[in-house]
Amino acid sequence: MPTTPTTTLTKRAAQRPTTEQARPQSQPQRQPQPETTPSRREADGMAVASFVLGLVGLLIFNIVLGPLALTLAGLALLRGTNRRGRAALGLALGAADLIVLAALATSDHTLSWSFGP
């Protein structure tokens, strides 16, 4: 019976372990890294912007900055931001802006702060 000649390449291929044999079972699997896609970064920026606009809106331009903070915070939460707490604070501060606006409008019939007599 004739045997087929083996070369060095076929010997190495036969000796090479498969991926299942090469990976020891005791090593933990790698965890996938969180995605940092442009939309995720934009959502993080929206969360921070809503927080800042809501905070500034308590003092000035609450008629504009309040709804803007609410909108940006809602969009950030819908897009899955990593800064959920900041977006929630932006929502709360945007709502507080509108409450301050309503309180000012009912108390002295104006849309701005007034200090003094």
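**Close-up views of helix packing in a predicted model**

**Figure 1. Helix α3 packed against helix α4.** In this predicted model, the axes of helix α3 (residues 38-57) and helix α4 (residues 62-78) come within 8 Å of each other and cross at roughly 155°. Angles over 145 degrees count as roughly antiparallel, and α3 and α4 are therefore roughly antiparallel to each other. The crossing in which α3 passes α4 is left-handed.

**Figure 2. Residues at the contact of α3 with α4.** From α3, the contact involves A43, M46, A47, A49, S50, L53, G54, V56 and G57. These residues meet N62, L65, L68, A69, L72, A73, L75 and A76 of α4. Sorted by class, the contact of α3 with α4 comprises 13 nonpolar and 4 polar residues, with no charged residues.

**Figure 3. Helix α3 packed against helix α5.** Helix α5 spans residues 84-108, and the axes of α3 and α5 come within 8 Å, crossing at roughly 30°. Because angles under 35 degrees count as roughly parallel, α3 is roughly parallel to α5. The crossing of α3 and α5 is left-handed.

**Figure 4. Residues at the contact of α3 with α5.** On the α3 side, the contact of α3 and α5 is formed by A47, V48, S50, F51, L53, G54, L55 and G57. The α5 side contributes R86, A87, L89, G90, L93, G94 and D97. By class, the residues of the contact of α3 with α5 are 8 nonpolar, 5 polar and 2 charged.

Figure 5. Residue A43 belongs to helix α3. Its relative accessible area is 0%, and since buried means under 20%, A43 is buried. Leaving aside residues up to four places away in sequence, A43 touches A76, R79 and T81. A43 and A87 are 44 residues apart along the chain, and their C-alpha atoms are separated by 9.3 Å.

**Figure 6. The chain as a whole.** The chain contains 5 helices and 0 strands, in the order α-α-α-α-α along the sequence. Of its 117 residues, 19% count as buried. The chain exposes about 9000 Å², of which carbon and sulfur atoms supply 64%. Among contacts between residues at least 6 apart in sequence, 66% join residues at least 24 apart.

Definitions and conventions
Residues are numbered from 1 along each chain as its sequence is written. This is a predicted model: local features need pLDDT of at least 70, side-chain atom pairs count only at pLDDT 80 or more; totals for chains, interfaces and linings use all residues. Side-chain values use heavy atoms; hydrogens and water are left out. Helices (H or I, at least four residues) and strands (E, at least two) are DSSP runs, numbered from the N terminus. Buried means under 20% relative accessible area, exposed over 50%, partly exposed in between (1.4 Å probe, protein chains only). Contact means heavy atoms within 4.5 Å. Accessible areas come from the Shrake-Rupley method with a 1.4 Å probe; for residues, only the protein chains shown count as cover. Axes are lines fitted to C-alpha atoms, for helices over the stretch in contact, and angles run from 0 to 180 degrees between N-to-C directions. Angles under 35 degrees count as roughly parallel, over 145 as roughly antiparallel, 65 to 115 as roughly perpendicular and the rest as oblique. A crossing is left-handed if the near helix is turned anticlockwise from the far one by less than a right angle, and right-handed if clockwise. Ala, Val, Leu, Ile, Met, Phe, Trp, Tyr, Cys and Pro count as nonpolar, Asp, Glu, Lys and Arg as charged, and the others, Gly among them, as polar.
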